[in-house]
Amino acid sequence: MPDDRPSFPARPVAPVTLSRLKAACDGWLETEADTERYRTAWRDGWRGTADLVLRPKTTEEVARLVRICAETRTPIVPQSGNTGLTGGGQPHAGGGEVILSTERLREIRAVDPLDDAMSVEAGVTLAEAQAEAEKVDRLFPLSLAAEGTCCIGGNVATNAGGVQVLRYGTMRALVLGLEVVTAEGEIWDGLRTLRKDNAGYDLKQLFIGSEGTLGIVTAAALRLFPRPKDAATALLSLPSAETGVRLLAALKSALGERLTAFELMHPSCFDWATETLGHADPLPGAGWRALIQADGPGPQGAMREALEQALAGRMEAGEVLDGVLAETVAQADALWRIREDQAEVQKRVGAGVKHDVSVPVPRIPAFLEAADAALEARFPGTRPCTFGHLGDGNLHYNPVRPADMDDAAWRAATLEVNAIVHDLVARFGGSITAEHGVGRLRRAELGRVRSGTELDLMRRVKRALDPQGLLNPGKVLPD
Ligand code: FAD
């Protein structure tokens, strides 16, 4: 874990401030035991100290609390479902911060199928938002493995992506409007559902992906889509990652918008999924795999036929070696589970250095080749464990410790591994974080890979919206 000391002197929040915050909040937690789950991340050991966890129930309550924090210069760590993977939602170790969790802002404010839109509060989980859309025969298409726990507030704050970005885009494309409490405790009601709105700057885009550093998201107006009534899922064995890129292009041409997901997985992902979680490998001994999903309006079976047709010539073209097409929803779910469990698999395998990078899709094979070779040269025996959303150029490139290297030495090499991978990402025109965000994990790296001009513009935005620097200090922007 890189050095994560904040750039503010940690001093405990004054007792009088804590009393004011408690009096203004319907639900707060204070003891070590009660605050443990808010102070600790699910993975990677991020944890810290919070003088208080505030759990307001309404936007007005959030605003009241933020005003007290602004008056008393109390730093705030916003949080929703606490599933983030970059240490952005945890306080620092020294204390002196309060966590403001939006998990109890739980209202579904409006669902309008005629407008293909719904407005929900920040503490509604992603799975609940999906279910609300389904009730009116619509789809809210953001989908990711943490969807039962992560919340809309966190999804907005991290510009979450997931497995259907290829067809529907990230949260930037799915958010129509926002309600935000500013660093001064004002409420900005931008919960509009308009598709066209050129009246001034698009403020919501500033808050999306800002990881709690510019404002506290209390509600979001979300875009809905027709719910697909028919789906086809296939797992294919590929000769190489390079053929995966060609296959993706061919399927895009054949299926157009019906192609909703195209995931690429290294063979070791399957080996470890079998070993650690007991998954059955549907294509034992195969090399790179592609997990593909196509959705359509129906009738039932039409998508399977369309996918079969689209794949028909691909074997002859040498892009596919073998494959299975799910016959039932249960089979499709089982294939997806192997993909969705990869975060858990990695947690159990341990010893992986995590990267969440994006590279232009046609350059992915060359990037993989260069990164694998560079790591092999520096750390012989490094085992690749790469998976990700090939359709979006987004790879979780997580090399695992060489078998003959001890854990401590590999952990000590983390920053060097990061630098090797991220330098190549830059060389191939990519980004050091495609969907998980910067948080604390990539803060120093951001300073290394983005230009001085770009960083200066970001700092000016931060100063304009959070002049006292109280919202999630020590996150995202490097010192
Ligand atoms: P939190 O973890 O609570 O917070 C994340 C960040 O947002 C923090 O910086 C926090 O300060 C800020 N924040 C939280 N709530 C607010 C708010 N109301 N206002 C302002 N700032 C706020 N992510 C993807 O994009 N794609 C994936 O495919 C994906 N897969 C995952 C799989 C697993 C198993 C896990 C554990 C995580 C995965 N993630 C993925 C990461 C994570 O789930 C997402 O980043 C998610 O959007 C975070 O939502 P959350 O509610 O848990 O946010």
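## The second largest pocket

The second largest pocket of this predicted model holds about 1,000 Å³ of space. A pocket here is an open set of points on a 1 Å grid over the protein atoms alone, where a 1.4 Å probe fits, with protein on both sides within 12 Å along at least five of seven lines. Its lining numbers 33 residues, and A231, Q293, D295, V329 and D333 lie nearest the centre; lining residues have an atom within 4 Å of a point.

Two or more lining residues come from each of α4 (126–135), β7 (138–139), β12 (230–237), β13 (259–265), β14 (289–296) and α12 (329–340). Helix α12 gives the largest share, 5 residues. By type, the lining comprises 13 nonpolar, 9 polar and 11 charged residues.

## Packing of α9 and α11

Helices α9 (residues 241–255) and α11 (residues 302–316) pack at about 135°, and their axes are 10 Å apart. The crossing is right-handed.

On the α9 side, L247, A250, L251, A254 and L255 meet M303, A306, L307, A310, L311 and R314 of α11, with contact meaning heavy atoms within 4.5 Å. These contact residues divide into 10 nonpolar, no polar and 1 charged.

## Basis of the values

Residues are numbered from 1 along each chain as its sequence is written, and side-chain values use heavy atoms, without hydrogens and water. In this predicted model, local features need pLDDT of at least 70 and side-chain atom pairs count only at pLDDT 80 or more, whereas totals for chains, interfaces and linings use all residues.

Definitions and conventions. Axes are lines fitted to C-alpha atoms, for helices over the stretch in contact, and angles run from 0 to 180 degrees between N-to-C directions. Helices (H or I, at least four residues) and strands (E, at least two) are DSSP runs, numbered from the N terminus. A crossing is left-handed if the near helix is turned anticlockwise from the far one by less than a right angle, and right-handed if clockwise. Ala, Val, Leu, Ile, Met, Phe, Trp, Tyr, Cys and Pro count as nonpolar, Asp, Glu, Lys and Arg as charged, and the others, Gly among them, as polar. Grid points are joined across faces, edges and corners, and a volume is the space filled by probe spheres set on the points.
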